[in-house]
Amino acid sequence: MSYETVRETDEAVADALEAERDRQNDTLAMIASENHVSEAVLEAQSSELTNKYAEGYPGGRYYGGCEHADEIENLAIERAKELWGADHVNVQPHSGTQANMGVYLAMLEPGDKILSLELNHGGHLSHGHPANFTGQTYEVEQYQVDEETGYIDYDGLEAAAEEFDPDIIVSGYSAYPRDVEWERIQAAADAADAYHLADIAHITGLVAAGVHSSPVGVADFVTGSTHKTVRAGRGGIIMCDEEYADDIDSSVFPGAQGGPLMHNIAGKAVGFGEALQPEFEEYAQQVVDNATALGDRLEEHGFSLVSGGTDNHLVLVDLRDSHPDTTGKAAEEALEEVGIVLNANTVPGETRSAFDPSGIRIGTPALTTRGFDEDAITEVADLIARVVDEPDDETVKDDVSERVDELTDEFSLYE
């Protein structure tokens with residue numbers, strides 16, 4: 001994408017945009033929540049729909065001139081229904097967090113009870129953390145993973161639901177490498193007479209492709225992001241049964257936000273259309289295969305993986321056994337120096353600060369988009385191990401950085 005027109009108006013912004021394009025081209029993006037969209041999605045998101053207010057929903061807008069906005073939003077909705085098999089879809093949330101907010105506003109009152117996974121165990125801020133609006137608005141109790149196995153403690157979840165008597169149970173996670181037993185969580189919600197919200201922000205694309213189990217048709221509400229394992233316009237989505245449709249729609253607009261970002265919805269429509277093509281299933285399976293290969297190789301290098309492996313797009317590494325003197329933040333910073341970008345992350349039983357935790361979270365969606373297969377990912381695992389083993393060795397960093405440059409040239413991204 002050229003920024004010549006931007007440069008004519010604003011050189012400083014053009015410089016930053018070009019630098020970001022170069023950064024993405026020249027580094028290996030392994031943050032589990034990041035991906036690379038197609039140029040078609042980029043083009044749709046930079047369209048003239050940026051100029052258009054379209055408060056309301058297709059066929060019921062509060063502004064005139066929305067006929068093309070209606071067409072595009074309807075395309076996004078119908079494609080999402082086909083992708084995930086949902087009865088009702090709202091594509092207007094600006095993010096996964098605002099999708100969750102839409103469900104909470106629709107179904108809860110201030111002071112109601114949320115049962116969700118603890119953040120240090122793989123949960124998300126919008127599931128009830130005290131720094132988030134959820135923790136400030138609702139009463140929150142949290143379940144955990146079994147620290148020995150790394151798997152969700154379903155028995156503990158069921159016991160907590162029985163004792164806490166929540167109004168809603170939240171499943172779906174931001175740093176959990178295993179498949180989820182949606183039906184079992186739904187049974188716990190039913191027993192407590194609670195709603196069940198499944199937040200599939202990270203695995204939206206894997207669910208759409210059928211390489212991860214789906215909570216659609218199981219949970220009462222399913223929310224997600226549209227830019228992680230689904231390479232669509234940046235934002236959020238809510239899916240539910242038709243009986244909840246009016247409540248959800250009114251809680252998103254006007255409840256949680258004003259006018260939808262129609263240019264982002266155009267990007268969602270294009271990305272959903274791409275995900276409906278047969279090759280997307282191959283892509284999603286490769287994401288999972290690459291994560292498995294990544295985890296297997298890191299284990300060969302002596303790294304400890306939370307839960308002992310992965311079923312999805314990420315591995316969560318606990319450095320405390322293999323590298324007790326190296327924090328997740330130190331590993332993140334050393335790897336970024338050589339062009340491998342991932343993030344420090346808390347791990348179950350965390351003994352350090354969340355700002356300098358004991359783990360690193362590594363994802364494969366973006367590298368898979370670039371064309372990396374198991375062999376290439378295995379080599380990346382070797383490079384990660386070299387740097388984390390010797391984070392202060394400048395010779396190692398120089399060697400790894402040179403190989404990263406070769407890999408980014410071989411698996412090119414944006415011209």
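**Figure 1. Strand β9 and its antiparallel partner β10.** In this predicted model, strand β10, which covers residues 236-240, is joined to β9 by 5 bridges, and the two strands run antiparallel. One place to look for this pairing is Ser225, which stands opposite Gly236 in β10.

**Figure 2. Strand β9 and its parallel partner β8.** Strand β8, made of residues 195-199, pairs with β9 in the parallel sense, and this pairing extends over 3 bridges. Within it, Leu197 stands opposite Phe221 in β9. Together with helix α9, which covers residues 204-209, the strands β8 and β9 make a β-α-β unit that is right-handed.

Figure 3. Strand β9 spans residues 221-225, and because 5 of its 5 residues are buried, the strand is largely enclosed by the rest of the structure. Both of its faces are covered, with Phe221, Thr223 and Ser225 buried on one side and Val222 and Gly224 buried on the other.

Figure 4. The side chains of Asp155 and Arg184 meet in a salt bridge, with a distance of 2.6 Å from N to O. Asp155 belongs to helix α7 (residues 154-164) and Arg184 to helix α8 (residues 182-191), so this pair ties together parts that are 29 residues apart in sequence. Asp155 counts as exposed because its relative accessibility is 53%, and the cut-off for exposed is over 50%. Arg184, with a relative accessible area of 29%, is partly exposed.

Figure 5. Arg297 counts as partly exposed at 28% relative accessibility, whereas Glu300 is exposed, with a relative accessible area of 59%.

Figure 6. The side chains of Glu337 and Lys397 meet in a salt bridge at 3.2 Å, taken from N to O. Glu337 lies in helix α14 (residues 328-337) and Lys397 in helix α17 (residues 394-410), so the pair ties together parts that are 60 residues apart in sequence. Glu337 is exposed, its relative accessible area being 53%, whereas Lys397 counts as buried, because its relative accessibility is 7% and buried means under 20%.

Terms used. Residues are numbered from 1 along each chain as its sequence is written. This is a predicted model: local features need pLDDT of at least 70, side-chain atom pairs count only at pLDDT 80 or more; totals for chains, interfaces and linings use all residues. Side-chain values use heavy atoms; hydrogens and water are left out. Buried means under 20% relative accessible area, exposed over 50%, partly exposed in between (1.4 Å probe, protein chains only). Helices (H or I, at least four residues) and strands (E, at least two) are DSSP runs, numbered from the N terminus. Two strands pair if DSSP finds at least two bridges between them. A crossover is right-handed if, with the strands pointing away from the viewer, the path from the first strand over the helix to the second runs clockwise. A salt bridge is a side-chain nitrogen of Lys or Arg within 4 Å of a carboxyl oxygen of Asp or Glu.
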